[in-house]
Amino acid sequence: MPTAAPQVAAAAETDPVHTAADAADDPAIWRNRRNPAASLVIGTDKKAGIHVYDLSGKRLSFTPAARLNNVDLRDVGGRVIAAASDRADERQAHVALFTLDTVAKKLVPMGRYPVGAGEAYGMCLWTRARDKALFGFVVMKDGRIDQVSIDLAGATPVVRTVRSMKVASQAEGCVVDDRTGVLYVAEEDVGLWRFAADPAAPVEGTAIAKVDGTTLVADAEGLALAPAGRDGGYLVASSQGDNAYTLYRLPGVTYAGRFRIGGGAIDGTSETDGIELIPGNFGPKYPKGLMVAQDGDNAPDTQNFKYVSWADVLKALRLR
């Protein structure tokens with residue numbers, strides 16, 4: 001039986017996505033450092049495109065795009081770059097790149113770029129600390145992970161595959177710790193893996209947490225980080241099989257607790273795919289950070305994303 005999990009109420013929810021059935025998938029967060037309350041959330045509708053929301057959950061803009069799945073973003077030299085796994089062609093994976101116009105509050109397409117053979121599923125970005133080089137990791141549905149370099153110096157981006165890694169079965173969620181250069185990947189029915197993110201590193205991964213039916217229930221889906229200090233904080237995984245979220249303490253990836261989203265005026269989440277989490281002040285509702293989780297069942301409306309105060313999560317689990 002899964003370990004008991006306290007409920008944490010959602011503080012806000014986004015407008016529903018445009019399309020029905022299984023459509024909303026993965027969020028990313030841009031934190032406005034000058035005015036945290038004016039931060040933005042982006043979220044994919046894997047049947048129609050990608051949305052931009054404010055912290056109240058109001059949809060500010062929508063950019064049509066075919067079959068985007070996971071999304072991540074990074075600030076690159078003053079530009080906010082978003083990258084999404086593009087599975088419009090299931091035989092040839094692509095990365096779709098966007099610029100987030102933080103003034104107009106909309107995503108501007110930069111193009112879609114081929115990666116490798118296969119169906120693009122997961123997507124996460126890494127900024128290498130020593131030279132600020134930008135890399136992406138595209139997780140294929142069959143478990144292959146293609147690492148790409150993303151060169152934004154010229155008039156048009158140059159995306160080049162630099163190495164490949166592998167887990168044995170279906171995978172999707174991934175996240176990279178920019179501090180330590182560690183890539184975390186969720187193999188849905190097996191557990192979590194750790195890889196060195198640098199393209200010169202070995203391609204072998206290390207298993208760090210199992211799908212055990214108790215602390216983590218298949219499918220293991222979205223991953224997010226709450227970094228603290230040089231290498232501390234938490235890794236958070238969507239325990240989709242029992243509608244919960246599991247925390248692991250870094251750097252050792254030791255089990256720290258689990259929770260569910262629910263129990264408030266806003267409906268809770270279920271069957272969550274993607275999650276995102278950014279610590280820091282986002283205003284009065286989110287004084288210690290913002291977590292965003294896809295909601296797989298937002299009936300009677302179509303799917304959407306729920307916002308949770310990271311302070312409320314830490315309080316519910318009696319963590320710091």
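Predicted model: local features only at pLDDT ≥ 70, side-chain atom pairs only at ≥ 80, totals over all residues.
1. The disulfide. The count of disulfides comes to one, and the pair that forms it is C124 and C174, whose sulfur atoms lie 2.3 Å apart. Because a disulfide is taken here as a pair of cysteine sulfur atoms within 2.5 Å, the distance of 2.3 Å between C124 and C174 meets the cut-off. The torsion about the S-S bond of C124 and C174 is about -120°, and the disulfide is therefore left-handed.

2. The setting of the two cysteines. C124 has a relative accessible area of 0% and is therefore buried, and C174, with a relative accessible area of 7%, is buried too. Leaving aside neighbours within four places in sequence, C124 is in contact with D72, F135, G136, F137, C174, V175, V176 and L183. C124 and N70, which are 54 residues apart in sequence, have C-alpha atoms 7.7 Å apart in space.

3. A buried aspartate. D146 is placed in strand β13, which spans residues 144-151, and because its relative accessibility is 2%, against a limit of 20% for buried residues, D146 counts as buried. The side chain of D146 makes a polar contact of 2.9 Å with the side chain of R144 and another, of 2.6 Å, with the side chain of S164. Not counting residues up to four places away in sequence, D146 touches V115, G116, G136, F137, V138, M140, T161, R163 and S164.

4. The largest pocket. The volume of the largest pocket is about 1100 Å³, and of the 48 residues that line this pocket, those closest to its centre are I29, L73, R74, D178 and I278. By type, the lining residues divide into 21 nonpolar, nine polar and 18 charged.

5. Strands at the pocket. At least two residues of the lining of the largest pocket come from each of β3 (24-30), β7 (68-76), β8 (79-86), β9 (92-101), β11 (120-127), β15 (171-177), β19 (220-228) and β23 (275-279).

Terms used: Residues numbered from 1 in each chain as written. Heavy atoms only, no water. 1 Å grid on protein atoms, 1.4 Å probe; cavity = no way out; pocket = protein on both sides within 12 Å on 5 of 7 lines; lining within 4 Å. Points joined across faces, edges and corners; volume = space filled by probe spheres on them. Helix = DSSP H or I, 4+ residues; strand = E, 2+ residues; numbered from the N terminus. Nonpolar A, V, L, I, M, F, W, Y, C, P; charged D, E, K, R; others polar. Buried < 20%, exposed > 50% of the residue type's maximum accessible area, 1.4 Å probe, protein only. Contact = heavy atoms within 4.5 Å. Polar contact = N/O pair within 3.5 Å; in protein donor to acceptor, adjacent residues only side chain to side chain.
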